[in-house]
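Hi,

Here is the model I promised to send over.

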Amino acid sequence: MIAIISFTDKGKSLAKNIAEKYCALGFECSVSSAKKDLSENYVKTEGWVCKNFKSGNFLLFIGACGIAVRAIAPFVKDKASDPAVVVMDEAASFAIPILSGHLGGANDFARKLSELTGAQPVITTATDVNNLFSVDSFAKENSMKISGMLLAKEFSARLLKEKKCKLLLPDEIFDCLRTEGAVPKELALAKTSESDQSMLKVIVSPFKNTESEPVLRLVPRCIVLGVGCRKGKDSKDLKDFIFRELNKISLDINSIAALCSIDLKRDEEALLSFSKDYGLPLRFFSSEELSAVKGDFSPSAFVKEVTGVDNVCERSLFAYGAKKIILRKCKFDGMTLAVGCTEIALHFNPRTVRDE
């Protein structure tokens, strides 16, 4: 939601106008005034900030930067969790991001405000000013988890000096890569095996770091788990089995996009519990849907007798949309698991490309 606060009559009018435009775009907006004039939207600034800062809303102050800075100061924690805060003057001349420009989206918020009002966006983040690849914005736009904010900061600092870097993907999933938009000129896409030790790099990978030194990783949600289990299997047993196998291939839990199985297991408590505990969507497929999947799978006569299809865990990966298997069927005590990788679509925002 976009929360807007103003401090003057002119500012209140601008706030209302901005809210109407955002609402027309499908956004939810709230408009408040810190001017005590019997308005039903009157609020105290401190209470307004407290409410909206903690809820993660986009905050827009229509007034002086000093008012906004003093108001948000007690609530600022870190760039990974702070919301976007933008200040705009009541004449709509400037839109100034003052907090969480990249991860929170304040820079994009300011740019959108400029489109709607004609205000000049005042962007001060170094990578944007120098028209360079912004790793934290890129991670946010592609819904990827950053392995460490300090590493991201160090990466950006080196990029500002060196003006070039490599974006690496593991060799085994490189063929799952698809790019959208123009890749920034300072960025070279390559396989991890092509990595130069001395060159600045960031790794897009569902796997944990296996390098001898810390390296910045962006974790995409590209992994699908195909699971089968005996009826009534204990939830803890399934969880332990899954994590044991994932640890063997150093898979990061943050990379998992979904859990898949056959529809006969729709009410299986162990699957439902794992899905709930880790916030993963569950997809179930019929035996007909699984049988229709083409490929080379590990067959089981027993599984076919029970379910009507010779393999559940591997077939369900491709029924979901996986591009390749990275862990073939493994089994233990009435449980089976296979791991697949979906397409990794990397979107590059047009503004990250330099105009030469």
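A quick definition before the notes: I call a residue buried under 20% relative accessible area, exposed over 50%, and partly exposed in between (1.4 Å probe, protein chains only). This is a predicted model, so keep in mind that local features need pLDDT of at least 70 and side-chain atom pairs count only at pLDDT 80 or more, while totals for chains, interfaces and linings use all residues. Residues are numbered from 1 along each chain as its sequence is written, and side-chain values use heavy atoms, with hydrogens and water left out.

**The chain as a whole**

The protein chain has 12 helices and 18 strands; these are DSSP runs numbered from the N terminus, with helices being H or I of at least four residues and strands E of at least two. Along the principal axes, the C-alpha atoms fill a box of roughly 75 × 50 × 35 Å. Of the 356 residues, 47% count as buried. The chain exposes about 17400 Å², and carbon and sulfur atoms supply 51% of that (Shrake-Rupley method, 1.4 Å probe; for residues, only the protein chains shown count as cover).

If you take the contacts (heavy atoms within 4.5 Å) with a separation of 6 or more, residues 24 or more positions apart account for 64% of them. E141 is in helix α6 and is partly exposed, with a relative accessible area of 29%.

On charge, there are 50 positive and 46 negative ones, and their mean positions are 2 Å apart. Lys and Arg count as positive and Asp and Glu as negative, with His and the chain ends not counted; each charge is placed at NZ of Lys, CZ of Arg, CG of Asp or CD of Glu.

**Salt bridges**

Side chains of opposite charge can pair when their charged atoms come close. How many salt bridges does the structure hold? The total is 15, where a salt bridge is a side-chain nitrogen of Lys or Arg within 4 Å of a carboxyl oxygen of Asp or Glu.

Start with K248 and E245, whose closest N and O atoms are 3.2 Å apart. The two are 3 residues apart in helix α8 (residues 235-248), so about one helical turn separates them. K248 is exposed at 58% relative accessibility, whereas E245 is buried at 10%.

Next, D310 pairs with R315 at 2.9 Å, N to O, and both of these residues are buried. R315 sits in helix α12 and has a relative accessibility of 10%. Leaving aside neighbours within four places in sequence, R315 is in contact with L290, S291, V293, F297, V309 and D310.

Then there is E314 with R328, at 3.4 Å from N to O. Because E314 lies in helix α12 (residues 313-320) and R328 in strand β16 (residues 324-332), this pair ties together parts that are 14 residues apart in sequence. E314 is buried at 0% relative accessibility, while R328 is partly exposed at 39%.

**A buried serine**

Is S33 buried or exposed? S33 counts as buried, because its relative accessibility is 1%. This serine lies in strand β2 (residues 29-33). A polar atom of the S33 side chain lies 3.1 Å from the backbone nitrogen of K35. Not counting residues up to four places away in sequence, S33 touches S6, K12, N41, Y42 and V43.

**Two backbone angles to look at**

Most residues other than glycine have a negative phi. N131, which is not a glycine, has a positive value near 55°. You'll find N131 in the loop between α5 (126-129) and α6 (135-141), where it is partly exposed at 37% relative accessibility.

S143 is another non-glycine residue with a positive phi, about 55°. It belongs to the loop between α6 and β7 (145-146), and at 57% relative accessibility S143 counts as exposed.

Cheers

Technical notes: A polar contact is a pair of N or O atoms within 3.5 Å; within protein, one must be able to donate a hydrogen and the other to accept it, and residues adjacent in sequence count only if both atoms are side-chain atoms.
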